Amino acid sequence: MPVRLTPLQARRVALAAQGFTRPRPSGPVTGAHLRRTLRRLGFFQIDSVNVLQRAHLMPLYSRMGPYDLDVFHRAAGRAPRAMFEYWAHVATFVDVDLWPALQHRMIERHGMWGGPRQVAQEHPDLVAAVREVVRSAGPMSAREVDAAVGLAGERDRTHWGWNWSLTKQALEYLFFVGEVTSARRNAQFERMYDVPERVIPAAVLARPALGSDEAHRVLVEHAARAHGIGTEPCLRDYFRTAPMPTQRAVAELVEDGVLVPAQVAGWDRPAYLHREAARPRRVAARALLSPFDPLVFERTRTEQLFGFRYRIEIYVPQERREFGYYVLPFLLGDDLVARVDLKADRAAGVLRVKGAWAEPGAPPHTAAELAAELRTMADWLGLDDVAVEPRGSLAGPLGAAFG
């Protein structure tokens with residue numbers, strides 16, 4: 001018989017699996033804290049929007065509190081390296097121990113999009129030249145590789161977002177298939193490309209690549225551990241694994257007792273509980289969450305767990321936005337009780353709350369708790385003040401909490 005859980009029980013399982021039942025460190029956040037969080041989550045999602053803070057830097061903050069950013073930069077760009085860049089969920093900093101499990105994606109080209117695939121088919125000599133330039137002179141930015149192969153300035157202007165040159169597309173093909181990787185990001189947040197032998201630890205490179213079936217078992221089991229409980233689509237979304245191999249992996253993990261079939265009241269799909277998932281009776285968390293935090297990045301799951309409908313509105317015209325440009329859910333206890341539209345006004349030294357809304361049933365102390373968390377965030381960002389604009393149901397009480 002499946003384990004039966006209420007939505008509240010499932011929510012607490014998910015919060016525990018994501019690391020929100022542990023108290024924040026009383027002292028400085030260290031590389032050991034980062035590595036434990038990385039092993040738990042598997043990756044930190046990358047996004048280029050910097051209106052508040054880079055997305056990949058937020059999950060560690062949400063779980064551990066303020067930390068010196070050099071802790072992250074050392075783990076991402078210096079030996080002994082804890083993570084590498086790859087397409088795991090989307091663009092991510094991935095736990096380096098998952099390199100063997102992701103090599104099947106590199107080999108099979110599963111999920112590769114048109115531009116890089118096309119340039120490899122139509123310009124194999126360019127791909128070979130780019131590979132050799134990076135091998136001989138990396139780490140290099142795409143612009144530096146452009147210049148080295150004599151194609152600087154030859155960019156495709158047909159795409160509104162990327163405008164990638166042929167060289168950049170060749171680099172991204174080589175990046176996808178694992179023949180180059182990223183050594184670090186430069187000050188402009190561009191990848192600095194290099195060959196894996198100079199980036200991935202030798203002990204990790206020496207491990208054999210996992211075949212597709214075993215890789216899916218590893219990735220699906222990791223997703224289940226990170227979620228605590230989830231449906232098959234939840235588990236598939238976490239590492240963006242292929243449908244049929246994911247379904248086989250789920251079936252095998254159930255047969256082996258790693259996943260326990262479960263039913264959550266109100267969910268319309270079967271769920272799976274990781275056998276080691278904690279089932280806490282109480283969660284006392286307080287955190288602001290990036291829109292790309294793995295607790296909330298699968299929006300259907302977020303709505304099922306918390307009754308919290310969440311959509312990012314960055315690409316919605318301003319006049320049509322319901323809440324704002326960069327809206328963060330606020331986790332208090334075991335629930336998402338509010339959302340705030342935030343902007344780091346670095347020139348003025350102010351964290352601007354451009355809107356704040358309480359969720360139905362939010363407790364009376366929500367504004368005071370959110371104000372404390374916003375003050376902590378402002379300090380972490382090096383901002384001197386917090387300014388609350390009069391927009392949203394929580395704006396009045398929140399402004400009053402700042403006096």
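Tyr-61 is buried, and so is Trp-380, where buried means under 20% relative accessible area, exposed over 50% and partly exposed in between (1.4 Å probe, protein chains only). The model is predicted, so local features need pLDDT of at least 70 and side-chain atom pairs count only at pLDDT 80 or more, while totals for chains, interfaces and linings use all residues. Residues are numbered from 1 along each chain as its sequence is written, and side-chain values use heavy atoms, with hydrogens and water left out.

The rings come next. Rings of Phe, Tyr and Trp (its six-membered ring) pair if their centres lie within 6.5 Å; planes under 30 degrees apart count as stacked, over 60 as edge-to-face and the rest as tilted. By this rule the count comes to 15 aromatic pairs. One of them is the stacked pair of Tyr-61 and Trp-380, with 4.3 Å from centre to centre and 10 degrees between the planes. Tyr-61 lies in helix H3 (residues 58-64) and Trp-380 in helix H15 (residues 366-380), so the pair ties together parts that are 319 residues apart in sequence. Helices (H or I, at least four residues) and strands (E, at least two) are DSSP runs, numbered from the N terminus. Ring pairs also link Phe-43, Tyr-238, Phe-239 and Phe-297 into a cluster.

Charges meet rings as well. A charge sits over a ring if NZ of Lys or CZ of Arg is within 6 Å of the ring centre and within 35 degrees of the ring normal. The charged end of Arg-24 sits over the ring of Tyr-61, 5.7 Å from its centre. Arg-185 lies over the face of Phe-189, at 4.4 Å from the ring centre. Phe-189 is in the loop between strand S5 (181-185) and strand S6 (191-194), and its phi is near 65 degrees, a positive value in a residue other than glycine. At 14% relative accessibility, Phe-189 counts as buried.

The strands can be followed through their partners. Two strands pair if DSSP finds at least two bridges between them. Strand S9 (residues 271-274) runs antiparallel to strand S7 (residues 229-231), joined by three bridges, and Ile-229 stands opposite Leu-273 in S9. Four bridges join S9 to strand S8 (residues 259-264), again antiparallel. S8 and S9 form a hairpin with six residues between them, and Gly-266 in the turn has a positive phi of about 95 degrees. From S9, Ala-271 and Leu-273 point one way and Tyr-272 and His-274 the other way, and all are buried.

A further sheet is open and has five strands in the order S10-S11-S12-S13-S14, with mixed pairing. Its edge strands are S10 (285-288) and S14 (385-388), each pairing on one side only. Within this sheet, eight bridges join the antiparallel strands S12 (residues 335-345) and S13 (residues 350-358), and Arg-339 stands opposite Trp-357 in S13.

Two cis peptide bonds can be located in loops. Ala-79 and Pro-80 are joined by a cis peptide bond with omega of about -5 degrees; Pro-80 is in the loop between helix H4 (69-77) and strand S3 (83-87). Another cis peptide bond joins Gly-138 and Pro-139, with omega of about 5 degrees, and Pro-139 is in the loop between H7 and helix H8 (142-149).
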